[in-house]
Amino acid sequence: MFLIVSKVFSVLLAAIAVSKSYVDFRARVESLQMFILWTVTWIMIVLVALFPSIVDVIIASFGSGRAGLGTVFGMGLVFLFFVVYRIYVKLERLEQRLTKTIQELALKEHWKDQRR
């Protein structure tokens with residue numbers, strides 16, 4: 001049951017993140033390169049979530065013989081990447097708002113200087 005929930009959770013978060021990235025790309029808030037980066041990243045995360053044995057193989061290649069950790073690490077990976085994505089989006093928006101505010105203030109100051 002936990003395995004099915006983790007897969008649904010991963011696909012749902014990935015769909016939300018990719019759709020949000022697409023909306024931002026269409027609104028010209030995000031560049032094409034960033035949209036492609038986040039889409040590819042979320043596709044890879046979903047692949048790891050759907051096939052957690054990939055993580056087990058990677059862990060085994062480092063010498064650890066434990067199996068079954070793929071699901072746990074996959075869920076953690078999905079959550080961490082979602083948090084990183086949300087932080088990135090918030091920082092981008094903050095930077096854009098700050099740039100817009102500075103431009104408006106500069107234009108306002110320039111307009112005031114011309115009236116004097």
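## Helix α1

Helix α1 covers residues 2-26, 25 residues in total, and runs 36 Å from its first C-alpha to its last, close to the 36 Å expected at 1.5 Å a residue. Helices here are DSSP runs (H or I, at least four residues), numbered from the N terminus; the expected span is 1.5 Å times one less than the number of residues.

Its buried residues (under 20% relative accessible area, 1.4 Å probe, protein chains only; exposed is over 50%, partly exposed in between) include Ser-10, Leu-13 and Ala-17. Just past α1, Arg-28 has a positive phi of about 60 degrees.

A quick word on the ground rules: this is a predicted model, where local features need pLDDT of at least 70, side-chain atom pairs count only at pLDDT 80 or more, and totals for chains, interfaces and linings use all residues. Residues are numbered from 1 along each chain as its sequence is written, and side-chain values use heavy atoms, leaving out hydrogens and water.

## Aromatic rings

The structure has five aromatic pairs (Phe, Tyr or six-membered Trp rings with centres within 6.5 Å; planes under 30 degrees apart are stacked, over 60 edge-to-face, the rest tilted). Tyr-22 and Phe-35 make a tilted pair, with centres 5.8 Å apart and planes at 55 degrees. Tyr-22 sits in α1 and Phe-35 in helix α2, 13 residues apart.

Phe-25 and Phe-35 are stacked, 5.3 Å centre to centre with 15 degrees between the planes. Phe-35 is buried at 16% relative accessibility, while Phe-25 is partly exposed at 25%. Ring pairs join Tyr-22, Phe-25 and Phe-35 into a cluster.

Methods:
Helices (H or I, at least four residues) and strands (E, at least two) are DSSP runs, numbered from the N terminus.
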